[in-house]
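Reader: Please take one part of this model and look at it closely. I would like the packing described piece by piece.

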Amino acid sequence: MTCLYVGRIIFVRKAIGTVEFKLLQSLLRTCRHEAGLTQQEVAARLNTTPSRVSEYETGERRADLIQLLDLCQVYEISLVDLVSRFVEAVEKAREDSAESDEVNGGQVRRRTIARRPSL
């Protein structure tokens, strides 16, 4: 996690849109598929809407610890298993990224996205 210290204020990089966040989204979807459940079935067990389950899997909404525990119960896995699988996925992604950097001679390509002017 990247932090920027300015005086006594700490600015922390938001997790949404990061590789780690995308890996968590993918892992939640994979766990649901492994449990053989649809978003509708998960939603019914959690007493919520299918769109809420979709929002967790697409990154439109972040699940907090309590919601992750509830999802783990529905998927019949432990939170420890979910976290272990997440850590493994993050480590593999970092290894793959490091190998890619070595292949490209350490050059990192950055893509700039033009922002819309505010109205």
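Author: What follows is a close look at helix packing and the nonpolar core.

This is a predicted model, in which local features need pLDDT of at least 70, side-chain atom pairs count only at pLDDT 80 or more, and totals for chains, interfaces and linings use all residues. Residues are numbered from 1 along each chain as its sequence is written, and side-chain values use heavy atoms, with hydrogens and water left out.

Start with the core. A nonpolar core is a set of buried Ala, Val, Leu, Ile, Met, Phe, Trp, Tyr and Cys residues joined through side-chain atoms within 4.5 Å. Buried means under 20% relative accessible area, exposed over 50%, and partly exposed in between (1.4 Å probe, protein chains only). The largest such core has 14 residues, of which L28, V42, L71, Y75 and L82 touch the most other members. Two or more residues come from each of α1, α2 (39-46), α3 and α4 (65-75). Helices here are DSSP runs (H or I, at least four residues), numbered from the N terminus. Helix α4 gives the largest share, five residues.

Now α4 itself. Its buried residues are L68, L71, C72, V74 and Y75. They cover an arc of only 160° around the axis, so they lie on the same side of α4. The arc is that of the directions from the helix axis to the C-beta atoms. Exposed I66 and Q73 sit on the face turned away from that buried side. L71 is in contact with L28, V42, L46 and Y56, leaving aside neighbours within four places in sequence. Contact means heavy atoms within 4.5 Å.

Next, α1 against α4. Their axes come within 9 Å and cross at roughly 25°. Axes are lines fitted to C-alpha atoms, for helices over the stretch in contact, and angles run from 0 to 180 degrees between N-to-C directions. The pair is therefore roughly parallel. Angles under 35 degrees count as roughly parallel, over 145 as roughly antiparallel, 65 to 115 as roughly perpendicular and the rest as oblique. L28, C31 and R32 of α1 meet L68, L71 and Y75 of α4.

Last, α1 (residues 19-34) against α3 (residues 50-58). These helices pack at about 130°, with axes 7 Å apart. That makes α1 oblique to α3. Q25, L28, R29 and R32 in α1 meet Y56, E57 and T58 in α3. Q25 is buried, with a relative accessible area of 11%. Beyond neighbours within four places in sequence, Q25 is in contact with Y56, E57, T58 and G59.
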